[in-house]
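Here is a short report on one predicted model. It starts with a single residue and then turns to the chain, a helix pair and a sheet.

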Amino acid sequence: MTPDEWRRVKEILDAALERPESERPDYLAAACGGDAALRESVESLVRAAEGDAGLLDATNAVAGGVEVPEAPTRAGERVGSYELVEEIARGGMGVVYLARRADDEFQKKVAIKLMRSGLFSELDVRRFRSERQIVAALDHPNIARLLDGGTGAAGEPYFVMEYVEGRPLLEHCRANGVSLPRRLGLFREICATVQYAHQHLVVHRDLKPGNILVTPDGSARLLDFGIAKLLSQGDGAEAAEPTATLERMLTPEYASPEQVRGQPVTTASDVYSLGVILYELIAGEKPYRIETGDPADLLRLVCEQDPDRPSARAAGISSDLDAIVLKAMRKEPERRYASAAALSEDVGRYLEGQPVEARRGSTAYRARKFVRRHRVGAAATVLVLGALAGGILATLSEARRALAAEARAERRFNDVRKLANSFLFEFHDAIQDLPGSTAARALVVRRALEYLDSLAGESSGDRALRCELAEAYRRVGDVQGNAYTANLGDVDGAAASYRKAIDLLEPAVASPGATDTERTTLATTYLVDSGLYLIRGKAPEALAEAKRGLALRERLSAESPTPERQMDLAQAWQYVAFDATAAGKHDEARAALVNQAAILEEQSRERPADRVVRRSLAQNLYLTGDASSNAMDLHGALERYRAAAGMQEALLREDASSVTIHRDLAYSYMAIGNTEEALADFGAALDAHRQALATFEAMAAADRKSTDAVLGVAMSHHNCGSALARLARPTEALQEYRRARAAYEPVVAASPSGAWAAGMLGSLYVQIAELEGSGNGEEACALYAGAVRLFEPIAAAGGLAPKRREQLAVAKERLALCANR
Amino acid sequence: MEKPSGEEVTALLKEWSAGDRGALERLMPLVYGELRQLAASHLRSERGDHTLQPTALVHEAYLRLVGQRSVSWANRAHFFGIAAQMMRRVLVDHARRRLAAKRSPGTLRIDLGDEAAAAPDRAPELLALDRALTELERLDPRQARVVELRFFAGLSVEETAEVAGVSTATVKREWRTARAFLRHEIGLDASPWA
């Protein structure tokens, strides 16, 4: 055939192939005229076009299975001062060899990545050398360290890295059948490592499973950190033509849209690549199948097409994981996770069954998740924090209603939800009435205050939110230092929290539309706050604060005398009684107790088994005992204290784990002991104080950090010491005093505002000094000085009890003698 | 081999496009070496994924050798033309060596991978195709270029049209008739009497 003949054949062939098969014979007959040879040529070509074409059916040679030659290995060669031992991997960027320093007696193994020649210019190599310092500064157990770099004899750049024994991430997972949770755990480790690098201003840019090795001990090691960035230095100026992007797009499957477009690469690009890795880890496939190598296709796929949800590719993937992956892989960098750490945290939330951030848009989802988890936590949630949970649940439903209308409710919901999470689920069983919970609760407090302060900053104008916040501050204050529940002994912190709650609520309650919630919350806060005043030795302020709470509760009860409101009112009377007693207003205290008893007895008739009613009745008896004692009816007092103790012992038999009842009972024993002492029956007093000691010790053993248990133990030692001194057993008495002193001192040091403990300690100092007499003059003088130091601020605040005022006077007198010595 | 700089390759391309046939002679080995290395490394790393694409190789080879700075489209078109020829030569040379090794009694080749064993050996077919394409080159050099660009460089119809300087309709037509021709020739070539 000649070129001219082929041109003719081609023309007819093309036209024939255009036509349907049935028309071809007629067409060929007409086109070829009488040229039989021409017609035969065209007909055989048409047949060839129709038949099986083998290799030519493929779009290109390599796709058709044509073998591509391998490059020869360079093992045995020397590169720089390293000897290449064996090839361990090949990639688009170059070949990796296991190598060792040729001049190194220790034969330390390294990995050398020989870049393909031509990959970058001499200038780039020089730049690399300076930039390398930055990358070399990355010192992290999960990052294979970059040790050295340079150019080989043929001008090919090389990088020397720490040699990591391990298998590539996906291979490791497949080969060992690694479970999904373990895969996610590995992924989180990877995220943490990437985060570390980001914090050191190094972006990886070429994150992919092949760059992540899993060592035999199961930890992930990231390779090539920062190398991609070093390589692509200085090419930012050129136009973003599709082919130009290929250089930057080192591994197209894992490259972010901005990388594909040739736009600036940031840490968000690494977050995207992490998303692709997570996709492949859970779905077993890459999100995009990049087949053509055509830059236009690549642009379209990566920049425009949304990937399938991972769950569409593999079974058993939850929609939460879908959401996490898709959020990490968002086309717009700003819509991805803000950091690798944030991505990791969300995976963590998924692992813990918490709501994932990736699905923040869906209200129903959040509610579902919240309630599901709440069921788990609720069982362990009691009293103070349990009540907080209730508040949060109310918030939940309210927030849900508001969500549709108000954007800020979204944040509020989430912040409050975080608070709930922190309270209910991070610490779900380390709660108020469970022994051993103090340390956990201290953490809860820190978290809670952070969240609350952030919310309070933008609560103006949102009445419901302010009320919720006040309630939450109040509960946090309880945990910090409420005198009547197990607390952390942080009196000042508690007072500050209560003050925040009161400041949020008072304007609302004073306004015409005050809600019941606002009023009840404020009443409760006044009452607990009064307890704090008392602890700080400010009885008159305590009484005033308690009366404010009482007034609110009286109104609420009058409006609707439900059992709850009646119990609340009874409790308010109790606070008033207690504070009045402390303020020396005994008539007022007695009247308050009578009022309280009337309410409680009515409730007890209706609900005889109710533990709260019974506990309150016992407390009423105790306080009535105090009142009798103050009226100098010591026998009447003793009778009531014993009755209170009897009720409390019964309650404790029903539930031996209750910390609150333990505390109530211990104080009853202590009161009995003090009364016996006043009646001059020191033996009986000692017995009662020893019972108190044992009860406090049981509390302290269950929770070493419970301040009031520790304080109770100290007080009991102190009281036992006093009784023993009166029984003329000074050696034993001193022993008890010393134990008391050792226990008081750290408590007083930790919370200088705790006047109660300070008063005790001052009193103890005087007692020790008196007991030791002049036998140890110098120590006695120091003790008197200590007592004066402790008593004076309390006295200045008007909170020093008469007995202590006496001791202060004694201490000052003796101190004057010390000075004259 | 002395490493060619981007400038050197660009200059050769310019000389070649200005009509200097000698420039092409000097350019070819550079492109060949680069493509061969690229192809090898790509294959090794990507084998499991079946994602090796000649286009990627060619684009990369272009970037490695020329860089994307200050090179006109005409030069790039020339480059792709050369690269396509080079890819063809890389693959055909390898197939030829492979067949020779198979026939040589002193060489024992063991294929360990199942994948490799399962894949049909395309080497004889590729050599037949190469001969048929050489015949087409004689009859219609432009059409042979189109086949090289499409089949060996893996370019799309549009890219091929741009590089060859023809319309996409022409590329489609040329590709269709060329395939018929090549199949026909390969069929003859493979017959026991050929």
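## A loop arginine

Arg330(A) sits in a loop of chain A. Arg330(A) has 18 other C-beta atoms within 10 Å, so it is partly exposed; a buried residue would need 20 or more.

Which residues does Arg330(A) contact, leaving aside its neighbours within four places in sequence? They are Arg335(A) and Arg336(A). Val271(A) is 59 residues away from Arg330(A) in sequence, yet their C-alpha atoms are 9.7 Å apart in space.

## The chain as a whole

Chain A has 821 residues, and 49% of them count as buried. Its secondary structure comes to 33 helices and nine strands.

Contacts in chain A were also sorted by sequence separation. Taking those between residues at least 6 apart in sequence, 60% join residues at least 24 apart.

## Two helices side by side

Helix α25 of chain A covers residues 611-630, and helix α27 of chain A covers residues 659-678. Their axes come within 11 Å and cross at roughly 20°. Angles under 35 degrees count as roughly parallel, and α25(A) and α27(A) are therefore roughly parallel to each other. The crossing of α25(A) past α27(A) is left-handed.

From α25(A), the contact draws on Arg615(A), Ala618(A), Gln619(A), Tyr622(A), Gly625(A) and Ser629(A). From α27(A), it draws on Ile661(A), Asp664(A), Ser668(A), Ala671(A) and Thr675(A). What is the make-up of this contact between α25(A) and α27(A) in nonpolar, polar and charged residues? Four are nonpolar, five are polar and two are charged.

## A three-stranded sheet

Three strands of chain A form an open sheet, in the order β7-β8-β9. The pairing is antiparallel. β7 (167-168) and β9 (220-222) of chain A stand at the edges. Each has a single partner strand, so one side of each is left without a neighbour in the sheet.

Strand β8 of chain A spans residues 212-214 and pairs with β9(A) over three bridges, in the antiparallel sense. Ile212(A) has Leu222(A) of β9(A) as its bridge partner. Helix α6 of chain A, residues 180-199, packs on the sheet. α6 touches β8 and β9 of chain A, and its direction makes about 35° with that of β9(A).

Terms used
Residues numbered from 1 in each chain as written. Chains lettered and ligands numbered in written order. Predicted model: local features only at pLDDT ≥ 70, side-chain atom pairs only at ≥ 80, totals over all residues. Helix = DSSP H or I, 4+ residues; strand = E, 2+ residues; numbered from the N terminus. Buried ≥ 20, exposed ≤ 12 C-beta atoms within 10 Å, placed from the backbone. Contact = placed C-beta atoms within 7 Å. Axes fitted to C-alpha atoms, helices over the stretch in contact; angles between N-to-C directions. Parallel < 35°, antiparallel > 145°, perpendicular 65-115°, else oblique. Left-handed = near helix turned anticlockwise from the far one by under 90°. Nonpolar A, V, L, I, M, F, W, Y, C, P; charged D, E, K, R; others polar. Pairing = 2+ DSSP bridges.
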